[in-house]
Amino acid sequence: MTDTYNAADLPFSGSPVVPEMSDGSKHIQFQCRKGISCWNACCSNIDISLTPYDIVRLKQRLDISSGELLQKYTVPYELEPGGIAGVKLRPVENGTACQFMLPEGCGVYEDRPTACRYYPVALLSMRKQDEYTDTSSYALVKEDHCKGHFEPRNLTIDEYRAEQGVTEYDELARGWRQLILKKKSSGPSIGKPTKRSLQLFFMVCYDTDRFREFIVSQGFTELYDIPAEEMTKLLTNDTELMLFGFRFLKQVLFGENSIAMHQETAAKRLEKAQEKLKQLEEEARAKRMTDSDEMYEDDGE
Ligand code: SF4
Ligand code: SF4
């Protein structure tokens, strides 16, 4: 099964995606059903990117921590070279099949990831520079092994999305997709992301339980002013925590302030950061002067 999600970069060259984009009203001919000759063929060779909400659903389904899920069932990959990371489903050891594939079908069917739900439709999200609103369009993936395209059933992409229950998944991953699109389209003007910001993005988006520990840490509670009622929700509800995480990243990475801060601590931290910046500038100036002195000495020899 090809990753049909997360395709902000158009994946048409050499891919099985039919290069025709359309909206949800387009009709497709498709049906996947038990008993079809290609049953499980798509899950035998996977390339499935996961959204943060996919991770929440899977960890709850398997009743394990996000850390354990990430370790056993996923592999990280770069969403852009040297930039933010995504995670994909990890296939079985020494193979290409999904670890959740059973002879009777998907072993986590009710909580299967977004890409599995969408297949064979590809969702393409795009946004304009400086906008958070993304627009979705769709393309069809036609792979030789998939015989569902020959089944006599016709429906619109919107009907297919509703049938597969992707509306909720899309809604809950929207903040994450917007962050990725904003990061990708902000380009080099924002500068190379620091290692710390990349780690923060990974923890907030994928390692929900570690993010939960982070928001009760002294450093976080000293800086952010979260009402008790909201904090209780974040500590007990993975989805609420995930959505809060998207807001937190928008604030930290793009300066969109929606989370209240303790003004006194924030002012102290700003002062400390400015001092550090001043110190770095002085060090750089001193180094430049030493370098130029050495250059004159070399010339005099
Ligand atoms: S999660 Fe389920 S539907 Fe998705 S690839 Fe694995 S077995 Fe197939
Ligand atoms: S019809 Fe397509 S999606 Fe369904 S089992 Fe066959 S290969 Fe997979």
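The shell around ligand 2 has eight nonpolar, three polar and one charged residues, where Ala, Val, Leu, Ile, Met, Phe, Trp, Tyr, Cys and Pro count as nonpolar, Asp, Glu, Lys and Arg as charged, and the others, Gly among them, as polar. Please keep in mind that this is a predicted model, in which local features need pLDDT of at least 70, side-chain atom pairs count only at pLDDT 80 or more, and totals for chains, interfaces and linings use all residues. Residues are numbered from 1 along each chain as its sequence is written, while chains are lettered from A and ligands numbered from 1 in the order in which they are written.

**Ligand surroundings**

- A residue is near a ligand if its C-beta atom, placed from the backbone, lies within 6 Å of it.
- Around ligand 2 you will find, among them, Cys 32, Cys 38, Cys 42 and Cys 146, along with Trp 39, Tyr 119, His 145 and Lys 147.
- Ligand 1 is surrounded by 12 residues, and the closest are Cys 43, Cys 98, Met 101, Cys 106 and Cys 116.
- By class, the shell of ligand 1 holds 11 nonpolar residues, no polar ones and one charged.

**Whole chain**

- There are 11 helices and 10 strands in the chain; helices (H or I, at least four residues) and strands (E, at least two) are DSSP runs, numbered from the N terminus.
- Of the 301 residues in the chain, 28% are buried, meaning that 20 or more other C-beta atoms lie within 10 Å of a residue's own, with C-beta atoms placed from the backbone.

**Helix α1**

- Helix α1 spans residues 52-62, and eight of its 11 residues are buried.
- Those buried residues include Pro 52, Tyr 53, Ile 55, Val 56 and Leu 58, as well as the charged Asp 54, Arg 57 and Lys 59.
- Asp 63 follows α1 and has a positive phi, near 55°.

**Strand pairing**

- Strands pair if DSSP finds at least two bridges between them.
- Strand β4 (residues 74-78) runs antiparallel to β5, joined by five bridges, and Tyr 77 stands opposite Gly 86 in β5.
- The hairpin of β4 and β5 has six residues between the strands, and Gly 82 in the turn has a positive phi of about 70°.
- β5 (residues 85-89) also pairs with β3 (residues 49-50) in the antiparallel sense, over two bridges, with Ser 49 opposite Lys 88.

**Pro 103**

- Pro 103 lies in the loop between β6 (101-102) and β7 (105-106).
- Pro 103 counts as exposed because it has 6 C-beta neighbours inside 10 Å, the cut-off being 12 or fewer.
- From Pro 103 to Trp 39 the C-alpha distance is 8.8 Å, although the two are 64 residues apart in sequence.
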